[in-house]
Amino acid sequence: MLFRSTIVIFMSDNGGLAAHTRAEPLHTANAPLRSGKGSGYEGGIRVPLIVKWSGKIEPNTVSHTPAITVMLRGLAQEEVIIRGPSHDLHSGMFGGPVPNPIHILGKIIGDLHDDAGQVTLPGFYDGVPELPEAVAEQWRKLEFNEGEFLSSLGLTCAAGETGRSVIEKIWARPTCDVNGIVGGYTGRGAKTVLPAQASAKFSFRLVGAQDAKSVLESFRNFVRARLPADAQVEFLNHGASNALQLPFGSEALSRAQRALTEEWDKEAVLAGCGGSIPIVGAFKRDLEDRKSTRLNSSHTDISRMPSSA
């Protein structure tokens with residue numbers, strides 16, 4: 001999290017809009033909230049249109065910047081098991097002519113990124129949009145110190161795509177990561193085993209209009225294409241959900257941004273979120289089938305506001 005306090009707006013295609021505050025102090029017992037700028041209706045229940053945190057916020061370089069989260073990254077997860085010989089072997093007696101599943105898996109992992117930090121899966125960047133310049137400019141103006149951020153993680157330089165800022169990489173760019181890897185002898189000391197199998201768990205953070213199922217299919221084909229003779233692969237899927245993004249040109253979003261800017265007396269930023277909340281996609285699919293709801297205390301009817309996040 002780059003913001004201590006964030007106003008999060010959820011919007012549906014049928015016009016439903018709700019907001020809640022995400023802030024560290026909300027985990028405490030005394031967490032005062034103050035509503036402002038009207039209210040909306042969703043399913044016959046009045047919900048706040050804008051909510052402002054009025055309690056104490058810990059000092060932070062960007063903690064006093066109001067923000068509306070308009071993007072959630074999608075998530076696709078896959079486990080890969082590479083098998084070679086029928087059982088574990090002695091590397092002295094069999095090493096050389098027998099394929100090593102760890103070597104095969106390591107080569108696949110190494111091939112997933114190029115020298116510029118981009119993912120090499122065919123079609124991976126299909127549907128990945130560039131940020132609107134107005135939003136990119138907002139992010140550049142944030143009082144965010146990349147050096148301090150990296151230093152807090154014990155790092156000195158950022159990895160990932162060349163030419164992209166840290167915030168952009170987290171909020172608006174897709175990724176491919178290895179989350180775990182197992183193979184061979186992992187106990188104390190040494191054992192010269194030539195393993196029968198090796199496995200790794202992969203995750204893909206998705207943005208824009210990337211299709212999670214297409215990304216996983218491309219990944220599986222990528223792995224299969226790198227298997228030598230006698231090597232076999234098994235894929236275990238652990239879930240897939242697409243990214244969610246509010247349309248930057250939405251009138252409802254513009255109204256919310258203006259209201260939040262007025263309330264805080266500082267320009268509200270349209271922010272992203274590096275994490276994924278798959279259930280929000282379920283909300284979107286459910287709400288798409290409902291009729292347009294009425295917003296604001298005056299019950300002004302705003303029909304078909306696209307997307308939810």
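In this predicted model, glutamine 138 is part of helix α3, which covers residues 133-141. With a relative accessibility of 10%, glutamine 138 counts as buried, because buried means under 20% relative accessible area. The side chain of glutamine 138 makes a polar contact, at 3.0 Å, with the side chain of glutamate 267. When neighbours within four places in sequence are left aside, the residues in contact with glutamine 138 are Gln257, Glu267, Ala268, Val269 and Leu270.

**Overall architecture**

The protein contains eight helices and 15 strands. Of its 309 residues, 44% are buried. Among contacts between residues at least 6 apart in sequence, 75% join residues at least 24 apart. The protein exposes about 15,900 Å², and carbon and sulfur atoms supply 53% of that area.

**Salt bridges**

The structure holds 14 salt bridges.

| Glutamate 79 | Lysine 201 | 2.9 Å |

Lysine 201 forms a salt bridge with glutamate 79. This pair links distant parts of the chain, since lysine 201 belongs to strand β10 (residues 197-206) and glutamate 79 to strand β6 (residues 74-83), 122 residues apart. Lysine 201 counts as partly exposed at 40% relative accessibility, whereas glutamate 79, at 12%, counts as buried.

Aspartate 111 lies in helix α2 (residues 101-111) and arginine 226 in the loop between α6 (212-224) and β11 (232-241), so the pair ties together parts that are 115 residues apart in sequence. Aspartate 111 is partly exposed, with a relative accessible area of 22%, and arginine 226 is also partly exposed, with 31%.

The pair of glutamate 217 and arginine 220 lies within helix α6, where the two residues are three residues apart, about one turn of the helix. Glutamate 217 is partly exposed, at 35% relative accessible area, while arginine 220 is buried, at 18%.

Salt bridges also link Glu130, Glu161, Arg164, Glu168 and Arg173 in a network.

**A nonpolar surface patch**

Ile277, Ile279 and Phe283 make a nonpolar surface patch of about 270 Å². One of these residues, isoleucine 279, lies in helix α8, which covers residues 278-287. Isoleucine 279 has a relative accessibility of 48% and therefore counts as partly exposed.

Note on methods
Residues numbered from 1 in each chain as written. Predicted model: local features only at pLDDT ≥ 70, side-chain atom pairs only at ≥ 80, totals over all residues. Heavy atoms only, no water. Helix = DSSP H or I, 4+ residues; strand = E, 2+ residues; numbered from the N terminus. Buried < 20%, exposed > 50% of the residue type's maximum accessible area, 1.4 Å probe, protein only. Polar contact = N/O pair within 3.5 Å; in protein donor to acceptor, adjacent residues only side chain to side chain. Contact = heavy atoms within 4.5 Å. Patch = residues over 30% accessible without salt bridge, like charges linked within 9 Å, V, L, I, M, F, W, Y side chains within 5 Å. Areas by Shrake-Rupley, 256 points an atom, 1.4 Å probe, with all protein chains shown as cover. Salt bridge = Lys/Arg side-chain N within 4 Å of Asp/Glu carboxyl O.
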